[in-house]
Amino acid sequence: MNFLLEGSLKGLNKWLRFLGCQTEVYEEKITKEVIFQNQYKIFLITSLETAKIMRKMGIKFLLLPRENLKAQLFMVINKFNITPKLTLNICSLCGEKLVPVKKEDFKDQIPPKVYQSINEYNYCVKCQKLYWEGDHIKRLKDRFKSLLSLGVQLEV
Ligand SMILES: [Zn+2]
């Protein structure tokens, strides 16, 4: 599944990437040309007008409520049967798949305390950013639980 999100859905985009979904955000107005060029993707939008055009064109889309991240996330997870588990295998900045790396190769980029206690590291080749499961991941998981506290089965 490859999602294309409207520019206003950046918050949702971040969470979908944490869940391991392939996504991209389209910043400009979504025109018929854009829809046509991306017709094999699933559009996530908040514009009723765009939804009408997509329905006519036979494009897969999901119309979401504006400004309500909790509802947006809940609807996407349910509609597309996404496992509500933070896989954290996609770069949240650019959407690239992360590559597992050896910490020895990145020693100069890792704070000594982290280096001692954590063994698993992932790397985004595109952003040249190193990821590891630190305290911020615990906070992320807590935030995810509270976002989905509407009764979805959790596997975090
Ligand atoms: Zn990246």
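Strand 6 (residues 121-124) and strand 7 pair in the antiparallel sense, and four bridges hold this pairing. The structure is a predicted model. The domain assignment divides the protein chain into domain 1 (2-79) and domain 2 (99-147).

**Domains**
- According to the domain assignment, domain 1 covers 2-79, whereas domain 2 covers 99-147.
- The C-alpha centres of domain 1 and domain 2 are 29 Å apart.

- Strands of a sheet pair through backbone hydrogen bonds, in either a parallel or an antiparallel manner.
- Three strands, in the order 5-6-7, form an open sheet with antiparallel pairing.
- Strand 5 (99-101) and strand 7 (129-132) are the edge strands, since each of them pairs on one side only.
- On average, neighbouring strands of this sheet are turned by 40° against each other, with direction ignored.
- Within the pairing of strand 6 with strand 7, C124 stands opposite K129 in strand 7.

**The β-α-β unit**
- Strand 1, helix 1 (residues 10-18) and strand 2 together make a β-α-β unit, which is right-handed.
- Strand 1 (residues 2-6) and strand 2 (residues 22-26) run parallel and are joined by five bridges.
- Opposite F3 stands T23, which belongs to strand 2.

Definitions and conventions. Residues numbered from 1 in each chain as written. Predicted model: local features only at pLDDT ≥ 70, side-chain atom pairs only at ≥ 80, totals over all residues. Pairing = 2+ DSSP bridges. Helix = DSSP H or I, 4+ residues; strand = E, 2+ residues; numbered from the N terminus. Right-handed = clockwise from strand over helix to strand, strands pointing away. Domains from an automatic or database assignment. Axes fitted to C-alpha atoms, helices over the stretch in contact; angles between N-to-C directions.
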